[in-house]
Amino acid sequence: MRISQCAATPQYVYLITKATLTSVNPLRLPPVSHLIATMIQQTSSKSKSHLQGAKLLRAQTWVFDLDNTLYSGVHGLFEQIDARMRGYLAQFLDVDEDEAHRVQKGYFRQYGTTLRGMMINHQMDPKPYLDHVHDIDISAIPPAPQLDAALARLDGRKVIFTNADLAHAERTLERLGIADHFDAVFDITQAAYVPKPEPQVYDTLIKRFAIEPTNAVMVEDIARNLEPAANLGMTTVWVRPITDCEVSKEAPTGDHVDFETDDLLAWLQAL
Ligand SMILES: [Mg+2]
């Protein structure tokens, strides 16, 4: 049985700016509650949790992954993308689907995205690939009015940081009904096809949007993608996935996860 590739991080990243992000929101304290330390599940020590909880309250920038973070993996979008990746590779490399699957997963693990491995090793043109793998039916994911409300309550600017492409991100955000909350989508094309978790792409992100990492929070379903963010000083939130994605399911191996939750909506509502 094949293991899902975790469409969660389709092998590319698109980034686009809907508005200039030069004007950083002033320091604002979001509506807080004493529940913060108790309703969020943390992996850290008590002293660290208090410190990170305080950082949450003064966050100026929230950096969200998209796939399997802002919507659940149960809706099968990633499985659609995963299958289209495999089919594309089989045709491109002129191999059967089992071999394409092996290559797909191997590059995903080695390079962060299958696309990156294909570009480096096979000089594959990214654009047709990205168009093909994102040509999926997103009607399976339902609109998310509760998430819309939770994001509306969350102070600070919000940016999407995804290994998918812009068109996919915009379409998915519109489907969820939460697009208006985000100042920008940083996608794989703007990242020069360098995916998370390559540290250099995090540097690009914070420079492009003038993010002060110590006043930023990153929310993501693949734990390894949080490590570079934590190393920069961001507060990190791991949304534990419920898919078969082999990388998503990996428990953090370091000390780079400040908060973790099975339910992002409930977590946000508790802030
Ligand atoms: Mg994801």
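# Briefing on a predicted model

Val 159 counts as buried because 24 other C-beta atoms lie within 10 Å, where the cut-off for a buried residue is 20 or more. The protein has 271 residues, of which 46% are buried, and its secondary structure comprises 11 helices and 8 strands.

**Confidence and overall contacts**

- The mean pLDDT of the protein is 83, with 77% of the residues reaching 70 or more.
- Over residues 1-47 pLDDT stays under 50, and for this stretch the model has 145 contacts beyond four places in sequence.
- Where pLDDT is low, the predicted coordinates should not be read in detail.
- Of the contacts in the protein with a separation of 6 or more, 75% are between residues 24 or more positions apart.

**Surroundings of Val 159**

- Thr 61 is 98 residues from Val 159 along the chain, yet the C-alpha atoms of the two are separated by 7.5 Å.
- When neighbours within four places in sequence are left aside, Val 159 is in contact with Thr 61, Val 63, Phe 182, Asp 183, Ala 184, Phe 186 and Phe 209.

- In helix H9 (residues 199-208) the buried residues are Val 201, Tyr 202 and Leu 205; because they cover an arc of only 105 degrees around the axis, they sit on the same side of H9.
- An α-helix has 3.6 residues a turn, so residues three or four places apart point the same way.
- Gln 200, Asp 203 and Lys 207 are exposed on the other side of H9.
- The packing partners of the buried residues of H9 are strand S4 (157-161), strand S5 (184-186) and helix H10 (227-232).
- Ala 210, which follows H9, has a positive phi near 50 degrees.
- Pro 197, found in the loop between S5 and H9, is joined to Lys 196 by a cis peptide bond with omega about 5 degrees.

- On the H3 side the contact is made by Met 85, Arg 86, Leu 89, Ala 90 and Leu 93, and on the H4 side by Glu 97, Ala 100, His 101, Val 103 and Gln 104.
- Sorted by class, the residues in this contact of H3 with H4 are 6 nonpolar, 2 polar and 2 charged.
- Asp 94 lies in the loop between H3 and H4, and its phi is positive, near 55 degrees, although the residue is other than glycine.
- Asp 94 counts as exposed because it has 9 C-beta neighbours inside 10 Å.

**Two further loop positions**

- Asn 68, in the loop between strand S3 (61-64) and H3, is not a glycine but has a positive phi of about 65 degrees.
- Asn 68 is buried, because 25 other C-beta atoms lie within 10 Å.
- Pro 142 is placed in the loop between helix H6 (126-133) and helix H7 (145-152), and this residue is exposed because it has 12 other C-beta atoms within 10 Å, with 12 or fewer being the cut-off for that state.
- The C-alpha atoms of Pro 142 and His 75 are separated by 8.8 Å, while the two residues are 67 residues apart along the chain.

Conventions: Residues numbered from 1 in each chain as written. Predicted model: local features only at pLDDT ≥ 70, side-chain atom pairs only at ≥ 80, totals over all residues. Contact = placed C-beta atoms within 7 Å. Helix = DSSP H or I, 4+ residues; strand = E, 2+ residues; numbered from the N terminus. Nonpolar A, V, L, I, M, F, W, Y, C, P; charged D, E, K, R; others polar. Arc of directions from axis to C-beta. pLDDT = per-residue confidence, 0-100.
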